[in-house]
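Hi,

Here is the structure I promised to pass on.

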Amino acid sequence: DEIYWHVIPDAASRAVAYETGVVDVLPGGSVENFDVSRLANLDNSCITDKGWEFIGPLSWLWLNNREGPTADVRFRQAVMYAMDREFAKDALWNGLGAVAQSPVSSSTRFYTDDVTHYDYNPEKAKELLKEMGYDGTPVRLLPLPYGETWQRWAEAIKQNLEEVGISVEMVATDVAGWNQKISEWDYDLAFTYLYQYGDPALGVSRNYTADRIEKGSPWNNVEGYENPELDEKWFAAATMADTEAREQAYAEIQKEIVDDVPVAWMLELEFPTLYRCNVKDLVTTGIGVNDGPRNAWIEE
């Protein structure tokens, strides 16, 4: 008969509210990852990773393609090889999610993993940096100020990059500062994650086509990547009526763009929903609790 939304700004306080029975549902991302397993093991506590299939959250590092070392594709490839993404998934995200292989999430239509795979390979990263003549110029790394998990991830990436010889300066900001720096292209490497909305034409192409390069938004082609031939393929794939033709077109796009590394893809994120086990039919669609609790009921 009634639903109460509790606005609790602090992740630790949200965890306590669930633990003490003040709240019955924690939407995905409400608490730090290191609290998820503990809360899931409480009495009458259930967990599901469903409800994010349509949203398809994908994390990556923006790489400034305009200037500095990040303008060189070999440097960008070196960043991919330098990152230990399996460690990030297992140690920082408690095994949640999956290593991203392309700009398209595996839960999104027309995904393919038939692309170059950048497995953790520090020696390959060093070779690429030597080939390009990287001289140790420092790069600024902008973490995402969304809590402790993201801060730890930034520190892990900094360590990965420094281990292959890349000099990294961490830039600390709050959420407003992060938005401003990204929107004004004032960064070298910067954390982000964006949604895909079920189709590459809706949530993927916006980050890679030149017509979406415009200051003022942190959600478009922030990296400044320009590839006119690939732009034509993106536009053509979006308007094809034949599903098989679209699948082939997006497969070609993914193969090409993964080699260019306009951004450094990290993880397909998983934000599990925690809830009391007597709350039924809470997640029934591909957007989960974001779809509203209209089907939910409590078993007495």
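What stands out is an open sheet of six strands, in the order E4-E8-E3-E7-E5-E6 and with mixed pairing. Strands E4 (98-99) and E6 (168-170) sit at the edges with a single partner strand each, so one side of each has no neighbour in the sheet. Some terms: helices (H or I, at least four residues) and strands (E, at least two) are DSSP runs numbered from the N terminus, and two strands count as paired if DSSP finds at least two bridges between them.

Before you read on, this is a predicted model: local features need pLDDT of at least 70, side-chain atom pairs count only at pLDDT 80 or more, and totals for chains, interfaces and linings use all residues. Residues are numbered from 1 along each chain as its sequence is written, and side-chain values use heavy atoms, with hydrogens and water left out.

Now for E8. Strand E8 (residues 263-268) pairs with E3 (residues 58-63) in the antiparallel sense over four bridges. Across that pairing, Trp62 is opposite Val263 and Leu61 is opposite Ala264. E8 also pairs with E4, again in the antiparallel sense, over two bridges; there, Val99 has Leu267 as its bridge partner.

Six of the six residues of E8 are buried, so the strand is largely enclosed by the rest of the structure (buried means under 20% relative accessible area with a 1.4 Å probe, protein chains only).

Cheers

How values were computed:
Buried < 20%, exposed > 50% of the residue type's maximum accessible area, 1.4 Å probe, protein only.
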